[in-house]
Amino acid sequence: MKNSVSITDSTFFNNATAAGIFNLSYLTLSNSGNSNSDIGYGKRGFVMQGGTGRNTTWPADGLPYIISGGYTVNYGHTLTVSPGAVVKFENNSAYIQVGGTLTAVGVSTYPIYFTSIKDDILNNTDATSTSPAAGDWKHITVSSGVVNLEYATIRYGGGDYYAANLINNSGTYHIASSTISNGYSYGIWHQSGTTNLTQSSLFGFGIEAYHNPSYATTTATNNYWGSLDGPYNPKYNPNGNQNSAVSDYVTFWPWLGQTHYLNSTNSVDGGKSMHWEYDAGSTQQFSTQLEYGIGTWNALGGVNIAPYVWWQNILDLTIYEVDDVNKAVAAYWGAYDKIEYNKYYMNDYSSSLKQMIVTHELGHALGLHHSYVGNIMIFTGTSQTSLGTQDIGDYTYCWIDDNCEGQN
Ligand SMILES: [Zn+2]
């Protein structure tokens, strides 16, 4: 191989600084089977300086990589960190800046680490007994480029202005099956660009696990936020985990381990009552089913669903009946606190399916999200007309245990 350095099956000792220092812009490092027994000042790893001069791979089978200042993955280049590789940041001047592509895709048995040099995972790199702490190093920042993280652990960063392990400043993050933890203030700071985060675990932050200061909503569904209660957000999940809080403009539901299936909003607009009326154009064709559905939910005793009274002038929910061949669904609950039942479909349905749909949409108005088979809030039509265990549990969490009031 041209322009390559190959270090294999070597032992490093009695070094004052490190096993090796590389400024590998146009070189490829082959690193396998090496060990290091330096004690004192010599760091047990290879210090990587500067940035990429072309596509570069950091193999795993040997000593860790040490970043001691800024390391840049330049535009047009890919840095591939191999499964099982360990990257350690030496101090709070250390960071990786990505304008090209950083691919750190591990596997479950060989994850990739980006961590503090004081973190003795897989190697006591600073050769002294140390404890890592949030803020030990700066961050990985993507600007115009792309960062792919899978089965990667990124921890103890955030030692600078944004105080986050990962920063997106108009680039792209694809993060899956990874662990982001112990950032000084934040785990992810999404300033702009695209951030996809899923099947990952985030915990241990001074302020927020995920901060989105922009007004463009990002998606972070199916992640574990350090607790079965999900991430704390004052409006959407006030009982969530405070050490894994999430800012507004982040769609975090559903989360992994979620025990309740709830929407972030409902039509219960003031106090625990939901006053409803028919739209003026309605033929009130489903009033029998509505009466039964309202009775079903009211029997649980949290919210009182009651007709609109003009002199009280509190209207929470309007029910529409349409007859529209062009609409794809038989019914929905949605914006402006409305339920719409479409006679075009529903007139052909069995009485039990009609009833199920009417009760189901009232459940959405009460803040319940789709759950699963055996419940009224299942995502598809069935002939079930009474509530299931999850329906009752979700309603109880919302309206008996008081976790949903004010989410309108
Ligand atoms: Zn539904």
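Residues are numbered from 1 along each chain as its sequence is written. Because the model is predicted, local features need pLDDT of at least 70 and side-chain atom pairs count only at pLDDT 80 or more, while totals for chains, interfaces and linings use all residues.

**Exercise 1.** Find how far helix H3 reaches from its first C-alpha to its last, and which of its residues are buried.

*Solution.* Helices (H or I, at least four residues) and strands (E, at least two) are DSSP runs, numbered from the N terminus. H3 covers residues 351-365, and its 15 residues reach 22 Å from the first C-alpha to the last, close to the expected 21 Å, where the expected span is 1.5 Å times one less than the number of residues. For burial, a residue counts as buried if 20 or more other C-beta atoms lie within 10 Å of its own, as exposed if 12 or fewer do, and as partly exposed in between, with C-beta atoms placed from the backbone. By this criterion 12 of the 15 residues of H3 are buried, so the helix is largely enclosed by the rest of the structure; among them are Met356, His360, Glu361 and His364. Just after H3, glycine 367 takes a positive phi of about 100°.

**Exercise 2.** Decide which residues of helix H1 are buried, which are exposed, and what covers the buried ones.

*Solution.* In H1 (residues 287-298), the buried residues are Gln289, Leu290, Gly293, Thr296 and Trp297. They cover an arc of only 125° around the axis, which puts them on the same side of H1; the arc is that of the directions from the helix axis to the C-beta atoms. On the other side, Glu291 and Gly295 are exposed. The cover over the buried residues includes strand E25 (304-307) and H3, where contact requires C-beta atoms, placed from the backbone, within 7 Å.

**Exercise 3.** Describe how strand E10 is covered and with which strands E10 pairs.

*Solution.* E10 (residues 86-89) is covered on both faces, with Val86 and Lys88 buried on one side and Val87 and Phe89 buried on the other. Two strands pair if DSSP finds at least two bridges between them. E10 pairs in the parallel sense with E8 (residues 65-73) over 3 bridges, and also in the parallel sense with E13 (residues 112-116) over 4 bridges. Phenylalanine 89 is the bridge partner of isoleucine 67 and stands opposite serine 116 in E13.

**Exercise 4.** State where the domains lie and how far apart their C-alpha centres are.

*Solution.* The domain assignment, which is automatic or from a database, gives domain 1 (4-251) and domain 2 (273-400). Their C-alpha centres lie 47 Å apart.

Methods:
Contact = placed C-beta atoms within 7 Å.
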